[in-house]
Every structure is written in structure tokens, then in C-alpha cells.
Amino acid sequence: MDNSSSSGGRFFFGVLFTISELLMFGSLSLFVYWVMWHDTGFAWSKNRNEQFNLHAILMIIGFIFLNGQSMLVYKLLHQCRKIYVKIIHTIIFVCSISAITIGMVAAIQAQQTVPPGSSVRHFYSLHSWVGLVAAGLFALQFVVGFVSFLILLCCDKATSSFRAKLLPTHVTFGLVIYSLAVVASISGLLQVARGRLNGKEGKPNYKEFEESTIIINAVGCCMIGLAIILPYIIRNCGQRRHHHLPSGYHVN
């Protein structure tokens with residue numbers, strides 16, 4: 001590859017990387033803005049709507065923001081030593097899992113905050129089903145990745161071939177999980193729009209397309225953009241690592 005094409009590739013990656021960062025920060029900041037200025041804020045207990053707001057922001061942080069950053073770090077730091085990138089990837093992944101776990105607990109507690117005499121129902125909506133699948137696969141992805149790409153480094157040469165074969169599956173499942181997370185998040189936004197923007201009790205009406213509606217739609221569009229751009233970046237952009245190792249031996 002000549003210098004001009006290499007420079008063009010780096011520039012294209014830089015543009016897509018910048019767009020993806022803007023979309024991740026945009027989805028997070030827009031939802032925080034909506035909660036603080038168009039809704040009632042966040043709470044861990046007592047207020048059902050505020051508890052669900054906490055659930056939503058933690059899921060966006062864990063599934064959309066941190067998960068996206070954990071994937072992009074491999075493309076951004078491709079010139080660093082692989083073990084350091086793996087450690088950073090794992091740390092971000094742990095933070096992501098923590099946010100998702102706390103967010104799920106917040107949702108379960110919020111669902112139990114019902115008027116006396118009302119029945120409590122958990123995991124009945126399509127949103128919750130997709131979210132559970134995404135969370136389960138996310139946890140499995142972490143365990144398999146941690147064991148395969150970090151723990152098995154103790155037997156580097158003996159496990160190199162296995163890790164090389166597993167890597168494409170690991171990457172593919174990461175992208176599948178991210179897509180599921182986007183679906184779960186958008187379906188959750190639709191539930192918020194249906195419940196909070198119904199035009200009752202002085203609330204805005206979703207159909208009237210006021211500012212609060214535009215913000216919710218903008219958050220969803222940011223996530224859709226990420227579901228398109230991130231897989232493209234992971235599959236097509238960035239430079240491959242080159243290792244000066246004996247023939248047939250690859251480190252992954």
C-alpha cells in the first residue's frame with residue numbers, strides 16, 4: 001500500500017471514529033438533558049419514573065457508550081503493545097458490566113414500586129426480553145473472552161492457534177451484542193415515549209412533535225447510526241498488527 005492510500009485510509013478512519021464518538025456522547029448527553037429538563041430526574045428509590053430513568057441512563061452508559069468504547073480501543077491503539085490494549089479493553093468491559101448490572105437492579109426495584117393492591121410483573125415486554133438476551137450474551141462474551149484471551153496467555157504458544165480461531169467469533173458476537181443492545185435501547189425509548197409523552201395530566205403529546213419528542217427521537221437516531229458505523233469500523237478500518245514471530249505462530 002502506498003503512502004497516499006495509507007494516509008487516505010487513516011483519514012477515513014479518523015472521520016468515522018470522530019462520528020462514532022459524537023454519536024456515543026450525543027446519545028448519552030441528549031438523554032441526560034431530556035431527563036433533567038423534560039422529565040423528573042434520577043432516583044434510586046421511592047419514585048418509579050426516576051428509578052426507570054436511572055435504569056435507562058445506566059444501560060445507555062453500559063451497553064452503548066462503554067461497550068462501544070471497548071471495541072474502538074483496539075482500532076485506536078493498534079500501535080500499542082497488545083497486552084496493554086487487552087487490559088484497557090477488559091477494564092472498560094468490567095465498567096460496562098457494572099453499569100448494566102446496577103441498571104437491571106434499578107429496573108427490577110422500580111417495577112416493584114407500584115400502588116398497594118397492584119400486581120408486580122417482571123420481564124413481560126419485548127424490550128425486557130431483548131435486554132435480557134443482550135445482557136446474557138454480554139456476560140458470556142466477557143467470561144469467554146477473559147479466559148481465552150487473557151488467562152490462556154499463561155500458555156501462550158500452546159493456545160495461540162485456539163485463540164486465533166476464536167477471535168473472529170469473539171468479534172462477531174461483540175457486534176451482534178451491540179446491535180441487540182441498540183434494539184433493546186430503542187424499544188425502551190419507545191416505552192418511555194408511550195408512557196411519559198401521552199398528553200395526559202399536562203404532559204406533552206408524542207404526536208405533537210414537541211422538543212421532548214425530538215430529543216427522544218434524536219437519541220434513537222444516534223444509536224441507529226452507531227449500529228451502522230461501529231460494525232463498519234471494526235470490520236473494515238484500522239491497521240493490522242504485524243508480529244515478527246516464527247512461521248505458523250500468531251499472537252491474538
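Visitor: What should I know before I look at the values?

Guide: This is a predicted model, where local features need pLDDT of at least 70, side-chain atom pairs count only at pLDDT 80 or more, and totals for chains, interfaces and linings use all residues. Residues are numbered from 1 along each chain as its sequence is written, and side-chain values use heavy atoms, with hydrogens and water left out.

Visitor: Why is His-89 called buried?

Guide: Buried means under 20% relative accessible area, exposed over 50%, and partly exposed in between, with a 1.4 Å probe and protein chains only. His-89 has a relative accessible area of 12%, so it counts as buried. You'll find His-89 in helix α3; helices are DSSP runs (H or I, at least four residues), numbered from the N terminus.

Visitor: Is Gln-141 buried or exposed, and how do you know?

Guide: Gln-141 comes out at 10% relative accessibility, so it counts as buried. Gln-141 sits in helix α4, and a polar atom of its side chain lies 2.7 Å from the backbone oxygen of His-170. Leaving out neighbours within four places in sequence, the contacts of Gln-141 include Phe-93, Phe-173 and Ile-177.

Visitor: Why is Ser-98 called partly exposed?

Guide: Ser-98 has a relative accessible area of 36%, so it gets the in-between label. Ser-98 belongs to helix α3, and its C-alpha atom is 9.9 Å from that of Met-59, 39 residues apart along the chain.

Visitor: What about Lys-46 and Glu-201: why are they called exposed?

Guide: Lys-46 has 80% relative accessibility, so it counts as exposed, and Glu-201, at 78%, counts as exposed too. Lys-46 is in the loop between α1 and α2, while Glu-201 is in the loop between α5 and α6. Phi is positive at Lys-46, near 80°, and at Glu-201, about 55°, though neither is a glycine.

Visitor: How do you know how α5 runs relative to α6?

Guide: The two helices pack at an angle of about 175°, with their axes 10 Å apart. Axes are lines fitted to C-alpha atoms, for helices over the stretch in contact, and angles run from 0 to 180 degrees between N-to-C directions. Under 35 degrees is roughly parallel, over 145 roughly antiparallel, 65 to 115 roughly perpendicular, and the rest oblique. So α5 is roughly antiparallel to α6.

Visitor: What makes up the largest nonpolar core?

Guide: A nonpolar core is a set of buried Ala, Val, Leu, Ile, Met, Phe, Trp, Tyr and Cys residues joined through side-chain atoms within 4.5 Å. The largest has 49 residues, and Phe-31, Trp-34, Phe-63, Ile-64 and Tyr-178 have the most contacts inside it. Helix α2 gives the most to this core, with 12 residues. Beyond neighbours within four places in sequence, Phe-31 is in contact with residues including Ala-56, Ile-60 and Leu-189.

Conventions:
Contact = heavy atoms within 4.5 Å. Polar contact = N/O pair within 3.5 Å; in protein donor to acceptor, adjacent residues only side chain to side chain.
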